[in-house]
Amino acid sequence: MRINKYLASCGISSRRKSEELVVSGKVKINGRIIKDLSYLVKKTDLVTVDNKKVFLNEKHVYLMLNKPKGFVSTTNDDLGRKTVLDLAPAFRDTRLFPIGRLDYETEGLLLLTTDGDLANKLMHPSHQISKTYVAKIEGEITEEEIKKLESGIVIDGIKTKKSKIRLAGFDTEKKISRLEVIISEGRNRQVRKMFDALNKEVIFLKRTAIGSLQLGGVTRGTYRELNAKEIASLKK
């Protein structure tokens, strides 16, 4: 098995991050630093990362987390902020990491796993897995503005791919529009930036689905393990 896939299968990180570990010289095979990404790990090899032994996981962990505001979607934070791993203390000693990210202020569905190979597949741009959000913005939004968002809008110098936007309601008293947003990309703070491009401020954002996987049975700040059917649907 190639070294990057081996590390991902051990639950160290995604394949891409595993490649970075190899290139940076943090991976050793039988006591020697290996930087060759084409290296094939043998059953007899002793593999270490930062001088700690790693082993293939016989059984991976897959969690659905309902992320609240105020948590970062990383395994650690240089600023000392709470991470999503703090919400799953029972798995503190498990090499969990998030599949993709939700920004600090965004709530909702986030997947945590030890399966780096699956994480790599789900995050790869070629798969274009849909992500569904509920967004609340200040003020009204016109049909013309919705069509502009759906056809693609330039953020960070690059036009977004087509999306689906549905106006779910408008609070006439609070002057707040509620929308359902479905995108197929995973660009940094994409939904917020799409509305920013129209001078619309997002005051609430929550991810409710990834592909066919719906956020369900999980209250804010808690998690549950995925069942076999859900795991199979992600692997298709």
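User: How far apart are Glu20 and Arg16 along helix H2?

Analyst: They sit 4 residues apart in helix H2 (residues 15-23), so about one helical turn separates them. Bear in mind that this is a predicted model.

User: What makes Glu20 and Arg16 a salt bridge?

Analyst: The call needs a side-chain nitrogen of Lys or Arg within 4 Å of a carboxyl oxygen of Asp or Glu. For Glu20 and Arg16 the N to O distance is 3.3 Å, so the pair passes. Glu20 and Arg16 also belong to a network of salt bridges that includes Lys17.

User: Why is Glu20 called partly exposed?

Analyst: Its relative accessible area is 41%. Buried means under 20% and exposed means over 50%, so Glu20 lands in between.

User: Are Asp45 and Lys42 buried or partly exposed?

Analyst: One of each. Asp45 has a relative accessible area of 11%, so it is buried. Lys42 comes in at 47%, so it is partly exposed.

User: What makes Arg220 and Glu107 a salt bridge, and where are they?

Analyst: Their closest N and O atoms are 2.9 Å apart, which is within 4 Å, so the pair qualifies. This one links distant parts of the chain. Over the whole structure, the search finds 12 salt bridges.

User: Why do strands S3 and S4 count as paired?

Analyst: Pairing takes at least two bridges. Strand S3 (residues 47-49) is joined to S4 by 2 bridges, so the pair makes it, running antiparallel. Thr48 stands opposite Lys53 in S4.

User: What is the strand order in that open sheet, and which strands are at the edges?

Analyst: The 4 strands run in the order S2-S1-S3-S4, with antiparallel pairing. Strand S2 (32-33) and strand S4 (52-53) are the edge strands, because each pairs on one side only.

User: Why is Ser184 called buried?

Analyst: Its relative accessibility is 19%, and the limit is under 20%, so Ser184 counts as buried. Ser184 is in the loop between strand S12 (176-183) and helix H5 (190-196). Beyond its neighbours within four places in sequence, its contacts include Gln128, Ser130 and Lys161.

How values were computed:
Residues numbered from 1 in each chain as written. Predicted model: local features only at pLDDT ≥ 70, side-chain atom pairs only at ≥ 80, totals over all residues. Heavy atoms only, no water. Buried < 20%, exposed > 50% of the residue type's maximum accessible area, 1.4 Å probe, protein only. Contact = heavy atoms within 4.5 Å.
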